[in-house]
Amino acid sequence: MLVDRILSRLLQAIPTLAGVAVIVFVLVRVVPGNPIAMMLPPGATQADIERLKALYGFDKSIAEQFLIWTSHALFGDFGISISLRQSVMGLVFSKLPATLELVLLATMVAVSLGVSLAVVGTRFQSEWPEAVIDGLTGFVQSVPDFIWSLALILVLGVLFPVLPISGRSDPRIGLNYATPFQLTESLVRLDARAFFDIFRHMIMPALALALPFAAIVARVLKSSLAEEMTQDYVLLARVKGFSEWRVIVGEALRNAAIPTVILTGVQFTFLIGGTVLVERIFSYPGIGNLAIDAVLNRDLPLIQGLVLVFAVLFITINLLLDFATVALNPKLSHG
Amino acid sequence: MNAVLTIDRLCAKLTANGARLLSNISLGVAAGEVHGLVGMSGAGKSMIAKAVLGVLPPAVRVTSGSIRFSGTEIVGLSRLGMRELLARGIALIPQDPLTALNPTRRIEAQMTDVMRARLGLDAKAARLRALSLLEEVQIREPASVLRRFPHEISGGQRQRVLIAIAFACNPKLIVADEPTTALDVTVQKQILRLIHELRSKHGTAILLVTHDLGVVAKICDSLSVMHAGVIVEQGAVADVIAAPAHPFTRALFAATPRHDRPDHELRPVPDAMQRAVAEAST
């Protein structure tokens with residue numbers, strides 16, 4: 001039954017991906033600006049332009065170009081980046097892991113912080129800690145991640161220079177790693193020096209991403225907890241003589257978790273595509289920086305590849321979320 | 001009388017506007033006694049039950065009077081003190097079996113957690129006790145019920161599970177808040193018989209909150225009739241039924257169908273009396 005469900009969801013993903021591919025393909029070709037203009041010096045002749053257009057196939061109609069691109073893409077060949085002259089998928093997969101590790105770290109920080117705040121706020125309902133938490137989450141949520149980046153750099157990079165402000169690792173630490181998942185690989189290899197170096201580079205960008213995220217998690221979870229705390233089973237648990245902490249964490253939390261789990265998943269996917277500004281500020285070599293460069297250079301094949309990878313990630317995470325909500329709510333597993 | 005629960009001149013108000021919810025409530029429940037607390041909705045019955053359990057909503061404040069459980073004062077007790085007192089022998093049979101069990105936890109976990117916390121049993125001993133309790137509340141195939149989630153068993157079974165949880169730690173006092181209201185009539189009878197039997201077997205004092213005089217007549221020894229936050233009549237069930245003294249009690253009896261007198265004509269409680277409740281609670 002589980003296999004059936006996964007299969008049907010994967011089948012549903014096909015038209016979605018096809019639609020995304022068509023839209024992106026057409027869109028990047030009809031908006032003004034083209035890669036050829038970016039490649040040639042200002043004084044290039046019309047003949048040079050036409051020659052280069054023919055070389056990259058931009059002289060054909062959009063429909064023709066799409067057919068050619070699709071026939072290659074179906075076999076996993078997404079073309080060569082125009083600006084970087086490397087295979088699109090090679091580029092994407094060499095940069096994606098850095099972003100995934102960053103976003104995963106940010107999500108872990110955000111969830112642990114957000115859940116703790118929500119639980120503490122619920123425990124001290126109508127007392128001063130709740131007011132402090134409400135005020136704090138409201139403030140933190142309303143300041144965007146790139147402002148947090150600048151504030152963090154100012155405090156932890158300039159006033160008290162304890163953390164590195166750019167890059168992913170210290171170039172003096174030679175990394176001959178087999179995978180681009182450098183943080184994970186250094187951990188698996190028990191290479192403490194490399195791990196802490198990479199980790200130190202990730203602290204500020206991860207915090208900048210995590211702070212507004214944690215605030216949203218705290219607010220959503222706290223309001224679902226408030227709802228659960230009025231339920232009869234919570235009353236019964238109190239009469240059983242359990243502490244408020246145990247009632248909140250042991251009884252109400254799991255029932256209140258579903259909206260937060262969905263929010264976390266959605267927020268996680270948004271972050272993968274939304275680290276752009278933070279990666280730019282910290283010169284973090286992830287997919288966000290790659291995407292900005294691709295757009296600035298009108299690198300059409302790279303933009304197409306990036307958008308498709310985002311779409312695949314989005315669909316995958318949504319699928320995982322569906323199964324997570326079923327796992328959390330035993331009533332759904334029979335539906 | 002060795003009262004397990006004594007409520008003495010208890011008064012409670014709404015914190016917000018000072019409206020009186022309870023005035024001079026006094027009653028006592030002895031070991032092995034079932035005391036019925038009857039009245040229309042809004043009369044303040046459930047408020048008394050909540051006060052006894054120490055779970056009054058923050059909007060309600062006890063202004064004077066006392067509630068004593070086995071000699072310990074409940075009014076003004078700290079959160080921690082209340083938890084210790086509950087653990088010493090107060091349990092609850094809730095009103096709605098559909099919402100009183102946690103939907104995400106298996107029956108076994110919800111039965112054994114309280115035994116492990118209060119009686120210090122280990123997982124295995126708690127499970128054995130849960131099985132024997134389920135047999136005591138006449139649940140068939142108790143082992144399979146233990147593995148289930150609440151939504152996988154019927155409403156009647158759930159109420160039996162809740163009764164088993166209430167009796168799990170040999171409580172001295174059980175507060176039963178409309179324990180049969182959410183059940184259909186045939187199941188109601190079985191549940192009442194079950195509570196009655198368990199009470200006789202364990203000698204538990206029971207404070208039974210209900211709007212149903214039929215329930216009171218079946219299993220209560222004594223009763224208090226409440227109207228608009230005041231106890232208007234109190235006494236042994238047989239006496240009150242034989243000769244209700246207060247006009248509200250008579251009105252309540254007139255509104256209750258009686259299987260012993262099928263020709264009994266039903267009359268609703270007069271408007272003036274209903275208004276009194278509405279006014280007292282606003």
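The following questions and answers go through a predicted model of two chains.

Student: What kind of model is this, and how are its parts numbered and lettered?
Tutor: This is a predicted model, in which local features need pLDDT of at least 70 and side-chain atom pairs count only at pLDDT 80 or more, while totals for chains, interfaces and linings use all residues. Residues are numbered from 1 along each chain as its sequence is written, and, in the order in which they are written, chains are lettered from A and ligands numbered from 1.

Student: Which helix of chain A has the lowest mean pLDDT among the elements of that chain?
Tutor: The pLDDT is the predictor's confidence in each residue, from 0 to 100, and chain A has a mean of 90, with 99% of its residues reaching 70 or more. Among the elements of chain A, helix α6 (residues 128-142) has the highest mean, 96. The lowest mean, 78, belongs to helix α2 (residues 35-39) of chain A.

Student: How many helices and how many strands does chain A have?
Tutor: Helices (H or I, at least four residues) and strands (E, at least two) are DSSP runs, numbered from the N terminus. The C-alpha atoms of chain A fill a box of roughly 85 × 55 × 40 Å, taken along the principal axes. Within chain A the count is 14 helices and zero strands.

Student: At which residue does helix α11 of chain A bend?
Tutor: Helix α11 (residues 244-274) of chain A has 31 residues, and at 1.5 Å a residue a straight helix would reach 45 Å, whereas the end C-alpha atoms are only 38 Å apart; the expected span is 1.5 Å times one less than the number of residues. A bend at a residue is the angle between axes fitted to the seven residues ending there and the seven starting there. In α11(A) this angle is about 60 degrees, and the residue is A:Leu253.

Student: Which helix gives the most to the side of domain 1 of chain A that touches domain 2 of chain A?
Tutor: Chain A is divided into domain 1 (21-77) and domain 2 (95-334), with bounds that come from an automatic or database domain assignment, and the centres of these two domains, taken over C-alpha atoms, are separated by 38 Å. The contact takes eight residues from domain 1 of chain A and eight residues from domain 2 of chain A, where two residues are in contact if their C-beta atoms, placed from the backbone, lie within 7 Å. Both α1 (2-30) and α2 of chain A supply at least two residues each of the side of domain 1 that touches domain 2. With four residues, the one that gives the most is α1(A).

Student: How many residues does helix α7 of chain B give to the side of domain 1 of chain B that touches domain 2 of chain B?
Tutor: Chain B is divided into domain 1 (3-89 + 172-280) and domain 2 (102-169), and 27 Å separate the centres of these domains of chain B, taken over C-alpha atoms. Between them, 11 residues of domain 1 of chain B are in contact with 10 residues of domain 2 of chain B. The largest share of that side of domain 1 of chain B comes from helix α7 (residues 185-202) of chain B, which gives six residues.

Student: Which strands are the edges of the four-stranded open sheet of chain B?
Tutor: Strands pair if DSSP finds at least two bridges between them, and in this open sheet of chain B the order is β2-β1-β4-β5, with antiparallel pairing. Eight bridges join strand β1 (residues 3-14) of chain B to strand β4 (residues 60-69) of chain B, and B:Cys11 stands opposite B:Ser64 in β4(B). The strands that pair on one side only, and are therefore the edges, are β2 (20-30) and β5 (72-73) of chain B.

Student: Which residue in the turn between β4(B) and β5(B) has a positive phi?
Tutor: Two bridges join β4(B) to β5(B), which run antiparallel, and B:Arg68 stands opposite B:Glu73 in β5(B). The two strands form a hairpin with two residues between them, and the residue in the turn with a positive phi, about 45 degrees, is B:Ser70.

Student: How many nonpolar residues are on the side of chain B that touches chain A?
Tutor: In this interface, 21 residues of chain B are in contact with 18 residues of chain A, and α2 (79-87), β6 (90-93) and α3 (107-119) of chain B each supply at least two residues of the side of chain B that touches chain A. Ala, Val, Leu, Ile, Met, Phe, Trp, Tyr, Cys and Pro count as nonpolar, Asp, Glu, Lys and Arg as charged, and the others, Gly among them, as polar. By these classes, that side of chain B has three charged, four polar and 14 nonpolar residues.
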